[in-house]
Amino acid sequence: MTPLDQAHAAMENSDAARLQFYERLADAELFLLLEAEAEGDQISPRIFPLEDAQLVLAFDREERLADFAGAAPYVALSGRVLAGLLAGQGIGLGLNLDVAPSSIILPADAVMWLNDTLGTAPTDVEATPEELLPPSGLPEDLITGLDTKLALTAGMARKAYLCAVRYSGGAQSHMLAFLDPVPGAEPALARAVNEALVFSGIEAGMLDVAFFAASDPMSASLAKVGLRFDLPEPETPSAPAAPGSDRAKPPTLR
C-alpha cells in the first residue's frame with residue numbers, strides 16, 4: 001500500500017480525508033505515460049479520449065505503469081506540477097487505473113480545483129511577538145498534516161517550532177517558526193505550511209509563519225514552549241534532473 005492507496009481508502013470516510021487525498025496527490029511523485037520520449041523540457045502525454053472527456057494516465061510507481069502499459073515512455077513529475085500542466089486544458093487524470101487500490105478518474109474540473117487550491121498564497125504581514133506560549137487547541141489533523149508536509153522540505157531549514165503567540169497590540173494566534181532557513185527557501189516553506197492548513201479542512205483557519213536564526217534570542221524561547229519539528233537533511237542527487245523535477249522549471253506540453 002502506497003501513501004496514495006492509503007489516502008484513497010480513507011477518503012470515503014470524511015471530507016477532511018478527501019482533502020488529504022488531494023494533498024497526497026499533489027506531493028506524490030507520479031509517472032506520466034507519454035506518446036514519445038521527452039525532448040528537453042517538452043513532453044507529449046498520451047491522451048485517452050472518452051465519450052465525454054479526455055484523460056492522461058499517471059501512476060505512483062514505475063512498476064504500476066509497466067503493469068498497465070508495458071515498456072512505454074514516461075516522465076516523472078510531482079502531482080502539483082502535473083495539475084498545473086493540465087489545468088485549463090479540459091483534460092482529466094486517470095490515476096493508477098486498473099493496477100492499484102487507488103485507481104480513480106479525476107475529471108478536468110477536479111484537476112482545476114487542485115491547481116487553484118495549490119495556488120492559494122499566504123499573505124505577508126508584519127507583527128512583533130510579545131509572548132510565546134505552548135500550542136493549544138489545534139486539531140490533530142493539522143499537527144499530522146504539518147508533520148507530513150515538513151517531511152518533504154529536506155534541506156530548507158534546520159527545524160521548526162509550533163507555539164501560541166501574543167503580539168504587541170494584543171492579537172493572538174499560533175505561529176510556526178523556522179530556524180536557520182536556507183536563503184530563498186522562505187516562500188516555499190510558507191507555502192508548505194499554508195497547504196497543510198488548507199488541506200486540513202479547518203474553516204477560516206490561520207497559522208502564522210516566521211523565520212529566525214538559531215542564534216536569535218527568540219530561538220531559545222521557542223525551544224522552551226514550542227512543539228518541535230525536525231526537518232530532514234537534504235538528499236544528494238544521484239542522477240541528472242528529469243523534466244518536472246525542478247518546480248521552478250516545469251515541463252511544457254507538446
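Which residue forms a salt bridge with Arg166? In this predicted model, in which local features require pLDDT of at least 70, side-chain atom pairs count only at pLDDT 80 or more, and totals for chains, interfaces and linings use all residues, the partner is Glu131, with the closest N and O atoms 2.9 Å apart. Glu131 lies in strand β8 (residues 129-133) and Arg166 in strand β9 (residues 159-167), so the pair ties together parts that are 35 residues apart in sequence. Glu131 is partly exposed, at a relative accessible area of 32%, and Arg166 is likewise partly exposed, at 27%. Here a salt bridge denotes a side-chain nitrogen of Lys or Arg within 4 Å of a carboxyl oxygen of Asp or Glu; buried means under 20% relative accessible area, exposed over 50%, and partly exposed in between (1.4 Å probe, protein chains only). Residues are numbered from 1 along each chain as its sequence is written, and side-chain values use heavy atoms, with hydrogens and water left out.

The chain contains 8 helices and 13 strands, assigned as DSSP runs numbered from the N terminus (helices H or I, at least four residues; strands E, at least two). Its C-alpha trace spans about 60 × 40 × 30 Å along the principal axes. Of the 254 residues, 43% count as buried.

The structure holds 13 salt bridges. One of these joins the side chains of Arg64 and Asp5, at an N to O distance of 2.6 Å. Arg64 lies in helix α3 and Asp5 in helix α1 (residues 3-10), so this pair ties together parts that are 59 residues apart in sequence. Both residues of the Arg64 and Asp5 pair are buried, Arg64 having a relative accessible area of 13%. The side chain of Arg64 also meets that of Asp60 in a salt bridge (2.8 Å, N to O), and Asp60 is buried as well, with a relative accessible area of 4%. Elsewhere, a network of salt bridges links Glu23, Arg24, Asp27, Arg80, Lys149 and Glu195.

Just after α4, Gly88 adopts a positive phi of about 85°.

On the surface, Glu29, Glu62, Glu63 and Asp67 gather in a patch of negative charge. Such a patch joins like charges within 9 Å, using residues with over 30% relative accessible area and no salt bridge; Asp and Glu count as negative, and Lys and Arg as positive, while His and the chain ends are not counted. The place of a charge is taken as CG of Asp, CD of Glu, NZ of Lys or CZ of Arg. Helix α3 (residues 62-69) supplies the largest share of the patch, 3 residues. Glu62 is found in this helix, α3, and is partly exposed, with a relative accessible area of 39%. The C-alpha atoms of Glu62 and Val75, 13 residues apart along the chain, are separated by 9.9 Å.

How values were computed. Patch = residues over 30% accessible without salt bridge, like charges linked within 9 Å, V, L, I, M, F, W, Y side chains within 5 Å. Areas by Shrake-Rupley, 256 points an atom, 1.4 Å probe, with all protein chains shown as cover.
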